[in-house]
Amino acid sequence: MIIIVMGVSGSGKSRVGQALAQRLGWQFRDADDFHPQAAKEKMKQAIPLNDQDRQPWLEAMQSAIDRWIMAGKNTVLACSALKSSYRQVLQIQDSQAPSASRRAMARLYIASPAPPAPSAL
């Protein structure tokens with residue numbers, strides 16, 4: 001099973017993802033680790049990444065997701081792939097994957113870094 005924790009920058013994806021992975025006894029991975037060095041350099045300089053910059057990042061994550069599914073490695077991935085086209089890349093592509101594995105992905109969206117209102121608790 002793969003759970004992708006998604007949200008905008010600063011929304012707490014990594015914090016929530018790490019806590020969830022620890023609670024479940026799963027591995028945690030952060031999508032930032034999948035960026036090629038050139039993209040990391042751009043981000044260090046506060047240069048926004050474009051779709052071309054993100055393509056190798058998305059492909060690396062998609063490949064990792066397929067490997068985790070095939071190896072049965074339960075994983076929580078914190079990721080900001082919020083565009084629909086980005087999420088399409090992160091689908092299970094391997095036609096050899098068992099049908100149960102094709103459904104073994106879930107997404108948890110974090111909409112805001114703000115804590116819930118006291119009335120919501």
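I am working with a predicted model, where local features need pLDDT of at least 70, side-chain atom pairs count only at pLDDT 80 or more, and totals for chains, interfaces and linings use all residues. Residues are numbered from 1 along each chain, and side-chain values use heavy atoms, without hydrogens or water.

**Core.** I looked up the largest nonpolar core and found 17 residues. Such a core joins buried Ala, Val, Leu, Ile, Met, Phe, Trp, Tyr and Cys residues through side-chain atoms within 4.5 Å. Buried means under 20% relative accessible area (1.4 Å probe, protein chains only). Among those with the most contacts inside this core are Trp 57, Met 61 and Leu 77. Strand E1 (2-7), helix H3 (51-71) and strand E3 (75-79) each give two or more residues. The largest share, 7 residues, comes from H3. Helices (H or I, at least four residues) and strands (E, at least two) are DSSP runs, numbered from the N terminus.

**Ring pair.** I found 1 aromatic pair. Rings of Phe, Tyr and Trp (its six-membered ring) pair if their centres lie within 6.5 Å, and planes over 60 degrees apart count as edge-to-face. Phe 34 and Trp 68 have ring centres 6.2 Å apart and planes at 75°, so they are edge-to-face. Phe 34 is buried at 13%. Trp 68 is buried at 7%.

**His 35.** I placed His 35 in the loop between E2 and H2. Its relative accessible area is 7%, so His 35 is buried. Its side chain makes a polar contact with the side chain of Trp 57 at 3.3 Å. A polar contact is a pair of N or O atoms within 3.5 Å; within protein, one must be able to donate a hydrogen and the other to accept it, and residues adjacent in sequence count only if both atoms are side-chain atoms.

Conventions. Buried < 20%, exposed > 50% of the residue type's maximum accessible area, 1.4 Å probe, protein only. Phe/Tyr/Trp six-rings, centres within 6.5 Å; stacked < 30°, edge-to-face > 60°.
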